[in-house]
2 protein chains.
Amino acid sequence: MSVATVSRSFSGSQPVSAGVRERVHEVSRRLGYRPNAVARSLRMDATKTLGLVIPNITNPFFTEVARAVEAAAWRDGYSLMLGNTDEDPKKEERYLDVLLGKQIDGIIISPASATSPHLAEVEAAGVPVVFLDRAAAGVDAPVVRADGRLAVGALVEYLANLGHERMAIISGPPETVSGRERLGTFLEEAERLGVEMPPEMVRAGDFRQKSGERAMRELLALERPPTAVFAANNLMALGALTEAKKAGVAIPDDLSFASFDDSRWFELMTPSISAISQPLEELGEAAARLLTESLEGGGGKPESVILDAELVLRDSCVEPGKKPS
Amino acid sequence: MSVATVSRSFSGSQPVSAGVRERVHEVSRRLGYRPNAVARSLRMDATKTLGLVIPNITNPFFTEVARAVEAAAWRDGYSLMLGNTDEDPKKEERYLDVLLGKQIDGIIISPASATSPHLAEVEAAGVPVVFLDRAAAGVDAPVVRADGRLAVGALVEYLANLGHERMAIISGPPETVSGRERLGTFLEEAERLGVEMPPEMVRAGDFRQKSGERAMRELLALERPPTAVFAANNLMALGALTEAKKAGVAIPDDLSFASFDDSRWFELMTPSISAISQPLEELGEAAARLLTESLEGGGGKPESVILDAELVLRDSCVEPGKKPS
DNA sequence: TACGCCCGCGTAAACGTTTACCATGCTTGT
DNA sequence: ACAAGCATGGTAAACGTTTACGCGGGCGTA
């Protein structure tokens with residue numbers, strides 16, 4: 001009963017007679033032996049571990065996607081290392097360093113900054129990368145995300161049709177594709193429909209709750225406040241709604257409101273909140289699949305996956321100036 | 001320039017002259033060399049990695065705690081492996097196996113079942129365990145959780161004082177300490193206050209949204225439905241509220257409602273929802289700290305950490321039978 | 001100048017696998 | 001009955017670190 005036999009019994013890489021295999025397993029059970037995956041990884045040059053590096057697990061978007069990634073990874077025999085960057089490029093860099101050092105097989109990342117020299121290193125190290133929701137320049141890796149343009153366009157049209165002439169957007173950081181896309185589409189569509197968007201109607205946030213609060217506060221303090229507000233993600237929507245409630249503005253009577261990212265709570269609120277919903281499950285599943293496929297298949301880089309976001313209309317937008325009877 | 005020198009230059013375990021260290025780093029940078037943590041782990045018998053095994057990252061309680069765990073682990077130089085068990089003991093077992101195989105240094109777990117033979121193996125393997133929120137029998141490991149008894153007791157008293165005589169509880173699974181504690185305290189306190197709790201007023205859920213919906217549906221279908229409902233966690237609260245809204249029951253006029261676990265959305269709802277809030281940040285931080293301390297310190301098992309939950313009263317509970325004017 | 005010490009660095013073993021290669025013994029065909 | 005072949009399992013090298021040990025040279029002291 002040599003080490004080789006034990007290895008073969010566990011991995012099944014080479015045939016072992018049934019009797020010996022039985023004995024190996026019996027003895028292992030008795031001694032509490034368990035194959036050491038670290039040694040295995042060293043020898044095999046594969047850790048069966050994926051890195052998931054995201055700005056904020058607390059953001060329901062990432063929570064849900066992380067869950068789907070975990071499920072898909074687990075199904076394919078991979079474990080998941082979670083890295084929360086807090087939107088901090090420095091922390092992100094150090095996470096990439098650590099994960100590379102730990103020899104993860106692939107990485108799913110939603111980069112905090114538009115350009116990441118460290119990601120280039122990851123690529124250089126031959127570790128497959130999949131971008132989630134956002135991409136960084138200079139790195140040739142597939143992106144998995146939802147295309148919000150159709151839905152944002154539809155939302156602006158919907159608001160314009162209701163008669164809104166002073167719409168505001170609480171946008172995401174311009175360094176992120178998703179932030180840029182949502183703002184860009186909003187502005188383009190507004191222009192197309194002849195709705196003016198003066199600078200004070202565009203407040204740049206950072207996808208975090210606090211910035212939503214601040215933006216809403218500023219908007220409400222305007223001499224001529226908007227009649228409709230769109231928040232470019234769920235956390236900022238939460239902040240904006242909190243601030244609106246604190247200020248005593250009634251939605252939708254005083255102010256129409258909608259947000260990017262749906263929430264399980266929107267349905268329950270009074271009024272229920274219109275939102276743009278992304279296929280979170282599919283996004284996470286696709287990200288993990290892209291990675292495992294390029295790991296198993298070994299073939300060339302996989303294609304990007306762009307799914308559609310969907311506008312879910314509820315009761316939070318009405319015609320402007322319509323006061324409760 | 002031997003391997004030993006390189007190792008010493010990077011780890012600093014032994015002194016290396018400044019000149020040589022410089023040269024090592026310069027060459028490493030040029031060649032894109034990076035120390036292999038897998039080999040290091042094999043040699044050192046430590047992976048600087050913690051396992052976090054939870055039932056459902058989608059549950060805001062765990063999301064928030066996971067975030068705090070990640071932050072604390074990162075601060076102390078540890079990475080985090082995330083395992084989502086979906087409340088499935090089988091998946092949990094296999095996760096423990098995988099994580100043990102991967103030689104994680106410690107594990108934080110919120111077990112799906114009250115008794116876990118595999119956890120005993122973890123203990124036997126000498127891997128420190130910290131229980132989060134729930135504990136499993138037969139394993140001598142510290143627990144980090146919030147004690148809900150004071151808050152639940154206060155809530156029952158509050159409801160009784162409002163005049164409720166028919167209260168219902170949507171409880172968690174009796175296999176979990178937290179589920180048992182919340183139900184037990186509720187019943188004890190009700191009895192103490194002379195409020196009867198017939199069996200139909202106690203609906204056992206499983207901490208998931210669906211079970212909250214079902215429970216609320218059943219409660220509303222009762223011949224004499226309750227005047228107040230308490231959901232034993234946030235997901236079931238979400239389900240219950242969804243069902244209530246669907247059924248057209250007005251809260252708080254037709255039904256008072258409160259839940260265990262606070263939510264950022266409760267404040268925003270109409271009415272705002274009273275809830276019992278747990279110190280999520282502190283729980284996560286404590287769990288990670290317990291683990292890293294027992295890893296670094298090496299001393300005996302750390303003590304359990306039991307923090308207090310806090311009753312946050314809002315507008316979702318009123319006197320029963322009080323119809324809107 | 002000579003001796004001993006200490007500092008800095010190299011050599012090599014060890015961590016627990018996997019696997020190419022080899023030895024052994026059995027089966028099979030003639 | 002004997003040779004050839006095959007199934008089975010053992011031997012040892014390799015993966016990339018860390019670290020005990022040893023060696024050489026520079027420095028201080030007498």
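**Entry 1: the second largest cavity**

I began with the second largest cavity, which holds about 70 Å³ of space. This is a predicted model, where local features need pLDDT of at least 70, side-chain atom pairs count only at pLDDT 80 or more, and totals for chains, interfaces and linings use all residues. Residues are numbered from 1 along each chain as its sequence is written, chains are lettered from A and ligands numbered from 1 in the order in which they are written, and side-chain values use heavy atoms, with hydrogens and water left out.

I noted the terms. On a 1 Å grid over the protein atoms alone, a cavity is a set of points where a 1.4 Å probe fits but cannot get out. A pocket is an open set with protein on both sides within 12 Å along at least five of seven lines. Lining residues have an atom within 4 Å of a point. Grid points are joined across faces, edges and corners, and a volume is the space filled by probe spheres set on the points.

Which residues line the second largest cavity? I found A:N59, A:F61, A:F62, A:D133, A:R134, A:S178, A:R182, A:F207, A:N233, A:D261 and A:Q278. By class, this lining has three nonpolar, four polar and four charged residues. Here Ala, Val, Leu, Ile, Met, Phe, Trp, Tyr, Cys and Pro count as nonpolar, Asp, Glu, Lys and Arg as charged, and the others, Gly among them, as polar. In chain A, α4 and α8 (177–192) each supply at least two residues of the lining. Helices (H or I, at least four residues) and strands (E, at least two) are DSSP runs, numbered from the N terminus.

**Entry 2: the largest cavity**

I searched the whole structure and got three cavities of 30 Å³ or more. The largest has a volume of about 200 Å³. It is lined by 16 residues, and A:V38, A:M81, A:K102, B:V38 and B:K102 are the closest to its centre. I saw α3 of chain A and α3 (37–44) of chain B each supply at least two lining residues. The lining of the largest cavity has eight nonpolar, six polar and two charged residues.

**Entry 3: the second largest pocket**

Next I looked up the second largest pocket, with a volume of about 970 Å³. I counted 29 lining residues, with B:F10, B:P35, B:N36, B:A37 and B:R40 nearest its centre. Which helix gives the largest share of this lining? It is α3(B), with six residues. At least two residues each come from α5 and α6 (117–124) of chain A and from α1 (3–11) and α3 of chain B. The lining of this pocket divides into 11 nonpolar, 10 polar and eight charged residues.

**Entry 4: where the chains meet**

I turned to the contact (heavy atoms within 4.5 Å). Chain A gives 50 residues and chain B gives 50 residues. Together the chains bury about 5,000 Å², 61% of it on carbon and sulfur atoms. Buried area is the accessible area (1.4 Å probe) that two parts lose on being put together, summed over both. In chain A, the residues that lose the most area to chain B are A:R34, A:W74 and A:W265, together 17% of what that side buries.

I also found 34 residue pairs in polar contact across the interface, both residues at pLDDT 80 or more. A polar contact is a pair of N or O atoms within 3.5 Å; within protein, one must be able to donate a hydrogen and the other to accept it, and residues adjacent in sequence count only if both atoms are side-chain atoms. On the side of chain A that touches chain B, the elements giving two or more residues are α3 (37–44), α4 (60–75), β2 (79–84), α5 (89–101) and α10 (234–247). The most comes from α5(A), with seven residues. That side of chain A divides into 20 nonpolar, 16 polar and 14 charged residues.

**Entry 5: salt bridges**

I counted 52 salt bridges over all chains. The rule is a side-chain nitrogen of Lys or Arg within 4 Å of a carboxyl oxygen of Asp or Glu. Eight are between chain A and chain B. In one, B:D97 meets A:R34 (2.6 Å, N to O). B:D97 lies in helix α5 of chain B and A:R34 in the loop between α2 (18–31) and α3 of chain A, so the pair joins two chains. I also noted B:R67 with A:D86 at 3.1 Å, N to O.

**Entry 6: backbone**

Most residues other than glycine have a negative phi, and most peptide bonds are trans. I found a cis bond joining B:I251 and B:P252, with omega about 5 degrees. B:P252 sits in the loop between α10 and β9 (256–260) of chain B. Phi of A:Q103 is near 65 degrees, a positive value.
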